[in-house]
Amino acid sequence: MKMEYPDYYERFACIGPACTDSCCARWEIDVDEESYYRYLTVQGPFGDRIRGCLHEEVTEGEDGPETAWSFPLTEDRRCPFLNDEDLCDMYTELGHDKLPRTCREFPRGDAVVGNYHQIDVALACPEANRLIFEDLDHPVKYVMRDEPTGVPALDRYCAPEEEKLEAAEWGTLLDLLEERNQILEVLQDGSFPVSERYAALFGLSAEYGYDPAAETRSDLIARMDRMELLDERWSQVYDPVKRAADTGFPSAHVLEQVAELPPGTALADATPEQAAEAELLRFLVYLVFRYYIDGYFSKEMTSFYRLLLRGFHSMRLLLAALSPEDFANAAVRRDLYHVWSREVEHSPENFYLMKEE
């Protein structure tokens with residue numbers, strides 16, 4: 001098994017009650033089938049508590065009835081097992097391995113093709129967000145390993161490989177990863193002007209059938225208007241965009257020009273505009289690594305480029321809607337990516353809206 005992951009992945013660890021936006025709040029917890037049947041066998045009062053919290057929903061699928069289970073949130077929008085100290089009672093009672101798959105893995109994400117296993121962490125987690133934006137003066141490096149590392153958070157992904165790839169399939173995967181790596185290199189090459197790095201990406205997008213210039217700002221706002229609301233925090237950052245579309249954007253320069261980063265400019269010496277541009281580049285790098293491999297499964301790249309560039313332009317809108325004071329605050333800017341990720345990446349409906357016609 002070949003594992004590949006961004007270098008900051010090794011430094012990620014859940015910070016529990018110190019987290020500013022717990023993943024155990026405001027999100028209903030999905031329960032996978034394996035965990036569901038395990039919970040039916042838990043004995044004693046805690047087993048009764050689990051089964052009392054389980055919700056079952058049956059829907060009609062293409063092949064007949066489909067059953068899904070979840071732990072609905074309490075009235076104060078918290079997981080029923082999140083206690084007053086912001087610690088998980090299920091973790092304490094049963095251990096990490098008995099948590100639902102969603103809780104065991106978040107914010108980690110992975111994709112497997114043959115014996116290639118890609119792993120990363122999501123911007124929706126505040127601690128992962130901090131690591132992703134931690135060192136903008138240096139490019140993200142990607143680690144490829146062939147053997148277990150001794151790090152449990154990595155080695156649990158050393159699962160048996162899927163079906164062996166045919167030579168043509170393996171060639172397709174290698175070609176896709178090579179193109180992905182070239183894009184990552186261009187985006188992180190500080191010797192090129194930022195505008196040229198964007199132009200290279202936009203040009204490749206057009207080659208794959210999606211011209212971002214064909215969609216207006218109004219088109220994108222209309223698409224965002226259709227998104228499912230998962231969290232009131234999305235309203236707090238998106239409602240200013242809708243107001244600004246009529247009255248003017250407080251930080252309109254974000255939409256009107258690219259803030260160039262002269263080679264060798266350290267972020268400590270950069271203007272807020274330059275720092276914001278470096279963050280946007282890091283966001284693009286994150287999306288390219290995380291989702292380029294989807295093209296292998298979908299057999300096309302157009303939907304990826306829709307997601308990438310709609311994500312990019314939607315973030316520019318969110319940044320432009322900030323007041324000048326908030327725009328100058330790196331913590332405020334970077335939190336927008338965390339909120340975007342929670343709203344888009346973790347809603348199948350919203351994710352689909354961002355990448356499909």
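Predicted model: local features only at pLDDT ≥ 70, side-chain atom pairs only at ≥ 80, totals over all residues.

Me: How many salt bridges does a search of the whole structure find?
Reply: Side chains of opposite charge can pair when their charged atoms come close. Here a salt bridge is a side-chain nitrogen of Lys or Arg within 4 Å of a carboxyl oxygen of Asp or Glu. Searching the whole structure on that basis gives 24.

Me: Asp48 and Arg51 are separated by about how much of a helix?
Reply: These two form a salt bridge, with the closest N and O atoms 3.2 Å apart. Helices are DSSP runs of H or I with at least four residues, strands are runs of E with at least two, and both are numbered from the N terminus. Asp48 and Arg51 both sit in helix H2 (residues 44-53), and because they are 3 residues apart there, the separation is about one helical turn.

Me: Is Arg223 buried or exposed?
Reply: Arg223 has a salt bridge to Glu215, the closest N and O atoms being 3.9 Å apart. Buried means under 20% relative accessible area, exposed means over 50%, and partly exposed is in between (1.4 Å probe, protein chains only). Glu215 is partly exposed at 23%. Arg223 has 11% relative accessibility, so Arg223 counts as buried.

Me: How many residues apart are Arg233 and Asp335?
Reply: Their side chains meet in a salt bridge at 2.2 Å, N to O. The pair links distant parts of the chain, with Arg233 in helix H10 (residues 232-247) and Asp335 in helix H16, and the separation is 102 residues.

Me: Which residues are linked with Arg233 and Asp335 in a network of salt bridges?
Reply: Asp335 is partly exposed, at 28% relative accessibility. Besides Arg233 and Asp335, the network takes in Asp21, Asp231 and Arg342.

Me: Which residues form a negative surface patch?
Reply: A patch is made of residues with over 30% relative accessible area and no salt bridge, like charges being joined within 9 Å. The patch consists of Glu60, Glu62, Asp63 and Glu66.

Me: How far from Cys19 is the nearest cysteine sulfur?
Reply: A disulfide is a pair of cysteine sulfur atoms within 2.5 Å, and by this rule the count is 0. Cys19 is therefore in no disulfide, and the nearest cysteine sulfur, that of Cys125, lies at 5.7 Å.

Me: Which residue does a cis peptide bond join to Phe106?
Reply: Most peptide bonds are trans. In this cis bond omega is about 5°.

Me: What is the phi of Arg77?
Reply: Most residues other than glycine have a negative phi. Arg77 lies in the loop between S4 and helix H3 (89-94) and is partly exposed, at 34%. Although Arg77 is not a glycine, its phi is positive, at about 60°.

Note on methods
Residues numbered from 1 in each chain as written. Heavy atoms only, no water. Patch = residues over 30% accessible without salt bridge, like charges linked within 9 Å, V, L, I, M, F, W, Y side chains within 5 Å. Areas by Shrake-Rupley, 256 points an atom, 1.4 Å probe, with all protein chains shown as cover. Lys, Arg positive; Asp, Glu negative; His and termini not counted. Charge placed at Lys NZ, Arg CZ, Asp CG, Glu CD.
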